[in-house]
Amino acid sequence: MESQETFISHLIELRQRLVWSLVAYAVASAPCLWFSSELYDVLAQPLMRSLPEGSRMIATGVISPFIIPMKIGFFAALVLALPFILYQAWAFVAPGLYSHEKRLALPLVVSSTVLFLAGMCFCYYFVFGQVFKFISGFAPKSITVAPDIEAYFNFVLGMFLAFGLAFELPVVVLVLAMTGLVSVEQLREWRGYVVVAIFIVAAVVTPPDVVSQLALAIPMCILYEIGIFFAQFVVKRKAVEPLAEAPKD
């Protein structure tokens, strides 16, 4: 009976956390939808800078000029509300963690958010400019480049997600080491296989050009090494702290 009441209380708390997350997303959506057209113009800048002067993007769908900026507004709202949503997830699992795990959980939530945003910024400010310049350099002069806004949005969203998730690699490595699923020694031993896997993933999720593939693969290799670097300190600290927290006789 007591276990059933505990389970119900957890479900109630989970519902409350989800409701607060939805409220935060709704609040963030209001300004993002209001400025959705301006957000699209900002998002289109890397491509527009690589096109010949006077070029414009086109909309082949009847409602695309309305739908695409709205989608961008919703996506921007999700990014804006992401720190609060991750905090709600951390607050839900925190009561079941040891004190040393709680001290690491919040930094992991913050670092996950920062790394995801860093991946998006790296993609926007560096990768897009290089990729679009590389692609436009191969376009014959007899072709008028006029990208469709829906195709461009799908491309940008896919690249943002790819780079945002790729930049989470240090957190993934750290969690794997913390939970004991893999050891730091194994992470070092698997370095060669991981590098090969990274280049395969980069070739699959990015456009078929060398610039974007290297722009994703090289940072992921560096981030993997950063994850190993921090994992060795966290694992050593984890091995010592439970002894300090053990009750004395």
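Okay, let's start with helix H2: its buried residues are Ser36, Tyr40, Leu43, Ala44, Pro46, Leu47 and Ser50. Buried here means under 20% relative accessible area, with over 50% being exposed and partly exposed in between, using a 1.4 Å probe and protein chains only. Helices are DSSP runs of H or I with at least four residues, numbered from the N terminus.

Quick background. This is a predicted model, where local features need pLDDT of at least 70 and side-chain atom pairs count only at pLDDT 80 or more, while totals for chains, interfaces and linings use all residues. Residues are numbered from 1 along each chain as its sequence is written, and side-chain values use heavy atoms, leaving out hydrogens and water.

Back to H2. Its 15 residues, 36-50, should span 21 Å at 1.5 Å a residue, and the end C-alpha atoms are 23 Å apart, which agrees. The expected span is 1.5 Å times one less than the number of residues. So where is the kink in H2? At alanine 44, about 45°, shortly before proline 46. That bend is the angle between axes fitted to the seven residues ending there and the seven starting there.

Next, glutamine 88, which sits in helix H3, residues 64-93. Is glutamine 88 buried or exposed? Buried, because its relative accessibility is 6%. Glutamine 88 touches Arg17, Trp20 and Ser21, leaving aside residues up to four places away in sequence; touching means heavy atoms within 4.5 Å.

Last one: valine 114 belongs to helix H4. Thanks, everyone!

Methods: Helix = DSSP H or I, 4+ residues; strand = E, 2+ residues; numbered from the N terminus.
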